[in-house]
Amino acid sequence: MSVLQPGLSQVRGDCPFADVRLGVSCREILSEVEVYCPHRLEGCKEFASYNMMQVHLKIKCPFELVACPYANKGCAKLVLREKLEEHLAGKCEKAPVCYCGKKFENGRDEHFACVAKLREQIRVCLLYTSDA
């Protein structure tokens, strides 16, 4: 959370200190103020406008805590974005597991040879049964 966020959330409508000739509100002025990422002490070097910082935190910052994509399956873990792949590959108990025992990463299975082989067996089986 940015140091500006609490102040921005309290700004309603036009700011009494806004330049009325230009119609600029405090919110518009403050949204363009450049700020450091709130995870600067953890190592993030991002420096951007307040508006762009919100985007950075939502989709990019490696030091932001994010929920596991399998939260809807019962995984309650919050992990650093930079550690999410590691969590999914080995520590997430709710990530889907292939019949060979390997975990699917981010729900993708195309890199597993066993899945490709299984798909081919199903295709052949379907061809065989459709000819009968």
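Predicted model: local features only at pLDDT ≥ 70, side-chain atom pairs only at ≥ 80, totals over all residues.
Cys61 is in no disulfide, and its nearest cysteine sulfur, that of Cys37, is 3.7 Å away. A disulfide would need the two sulfur atoms within 2.5 Å. I also looked up how accessible Cys61 is: its relative accessible area is 0%, so I noted Cys61 as buried.

Next came Cys92. Which cysteine sulfur is closest to that of Cys92? The one in Cys68, at 3.6 Å, which is too far for a bond. Cys92 is buried because its relative accessibility is 0%.

**Glu93**

Moving along the chain, I checked Glu93. Where does Glu93 lie? I found Glu93 in the loop between helix H4 (84-91) and helix H5 (113-131). Is Glu93 buried or exposed? With a relative accessibility of 74%, Glu93 counts as exposed. I then took the C-alpha to C-alpha distance from Glu93 to Lys73, and got 9.7 Å for a pair 20 residues apart in sequence.

**Arg81**

My last stop was Arg81, in the loop between strand E4 (78-80) and H4. Arg81 is buried yet has no salt bridge.

What does Arg81 touch, leaving aside residues up to four places away in sequence? I listed His56, Leu57, Lys58, Ile59, Lys60, Cys61, Pro62, Glu64 and Val66.

Key: Residues numbered from 1 in each chain as written. Heavy atoms only, no water. Buried < 20%, exposed > 50% of the residue type's maximum accessible area, 1.4 Å probe, protein only. Helix = DSSP H or I, 4+ residues; strand = E, 2+ residues; numbered from the N terminus. Lys, Arg positive; Asp, Glu negative; His and termini not counted. Salt bridge = Lys/Arg side-chain N within 4 Å of Asp/Glu carboxyl O. Contact = heavy atoms within 4.5 Å.
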